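Good morning, everyone. Please take a look at the model on the screen, and then we will walk through it together.

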Amino acid sequence: MIDIVCCPTPFLVGLLSSSLPKLKELPVEEALMVNLGSDRFIRQMDDEDTLLPRKLQAALEQALERKNELINQDSDSDSDDECNTLNGLVSEVFIRFFVETVGHYSLFLTQNEKGERAFQREAFRKSVASKSIRRFLEVFMESQMFAGFIQDRELRKCRAKGLFEQRVEQYLEELPDTEQSGVNKFLRGLGEKILGIISEMN
């Protein structure tokens, strides 16, 4: 099934190192390849250091590095508990990342006379004060991931709320009234919020 890496669609695939020579022969385009055993890039797109705004990237890295502390802690808990804690940590970090960057999306879903919902893309992007975050959103909004996310929200009626939706609800409730319209401080204190979540999990 190694040929699947040539598909021009988003994917995350794990391969054994023994497949590396075959992988290098394939016409793989626009793919980031990482050797997880050595923590090294096999192939890069050369935009990895510029996609995320520096402060946002630093906050993510700082929060994810805390997992090493959890791994290294002498714990009496069994391995299942430790694994669940680590899984919960990584999940919460990325949920918080997406809540902080796109959690205001619902403020820009409008309804027409037929009751159909439409997303106000440009207003959504311009509502962010930070130029670097606006640039990130400009790129992110062109991805299939974001298009699918918004399409799902436009079509959603009374579906049960998942963890992301619950976190978004909490996030919007915490925003001061003056920010509901402007939504100007998405990433202020992102690192502190993530670290607060980690502390609660410990």
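Where is the place of glutamate 165? Glutamate 165 sits in helix α8, residues 163-174. Helices here are DSSP runs of H or I with at least four residues, strands are runs of E with at least two, and both are numbered from the N terminus.

A quick note on the source. This is a predicted model, where local features need pLDDT of at least 70, side-chain atom pairs count only at pLDDT 80 or more, and totals for chains, interfaces and linings use all residues. Residues are numbered from 1 along each chain as its sequence is written, and side-chain values use heavy atoms, with hydrogens and water left out.

Back to glutamate 165. Is it buried or exposed? Glutamate 165 counts as buried, because its relative accessibility is 12%. Buried means under 20% relative accessible area, exposed means over 50%, and partly exposed is in between, with a 1.4 Å probe and protein chains only. Which residues does glutamate 165 touch? Leaving out residues up to four places away in sequence, they are Tyr105, Arg153 and Arg156. A contact means heavy atoms within 4.5 Å.

Now the whole protein. It has 10 helices and 4 strands. From the N terminus on, the order is α-β-β-α-α-α-β-β-α-α-α-α-α-α. Of the 202 residues, 30% count as buried. Take the contacts with a separation of 6 or more: 53% of them join residues 24 or more positions apart. The protein exposes about 13,800 Å², and carbon and sulfur atoms supply 50% of that. Those areas come from the Shrake-Rupley method with a 1.4 Å probe; for residues, only the protein chains shown count as cover.

Next, the largest pocket. Its volume is about 2,600 Å³. Its lining has 50 residues, and the closest to its centre are Phe11, Leu12, Ala31, Leu32 and Met33. How is a pocket found? On a 1 Å grid over the protein atoms alone, a pocket is an open set of points where a 1.4 Å probe fits, with protein on both sides within 12 Å along at least five of seven lines; lining residues have an atom within 4 Å of a point. The volume is the space filled by probe spheres set on the points.

Where does the largest pocket lie? Domain 1 (3-43) and domain 2 (54-200) both give residues to the lining, so the pocket lies between them. The domain bounds come from an automatic or database assignment. Helix α3 gives the largest share of the lining, 6 residues. By class, the lining has 33 nonpolar, 9 polar and 8 charged residues. Ala, Val, Leu, Ile, Met, Phe, Trp, Tyr, Cys and Pro count as nonpolar, Asp, Glu, Lys and Arg as charged, and the others, Gly among them, as polar.

Now some backbone angles. Most residues other than glycine have a negative phi. Glutamate 30 has a positive one, near 45°. Glutamate 30 is in the loop between α1 and β1, and it is exposed, at 69% relative accessible area. Aspartate 39 also has a positive phi, near 55°. Aspartate 39 is in the loop between β1 and β2.

Last stop, cysteine 6. Cysteine 6 is in the segment before α1. At 31% relative accessibility, cysteine 6 counts as partly exposed. Cysteine 6 and glutamate 30 are 24 residues apart along the chain, and their C-alpha atoms are separated by 9.6 Å.
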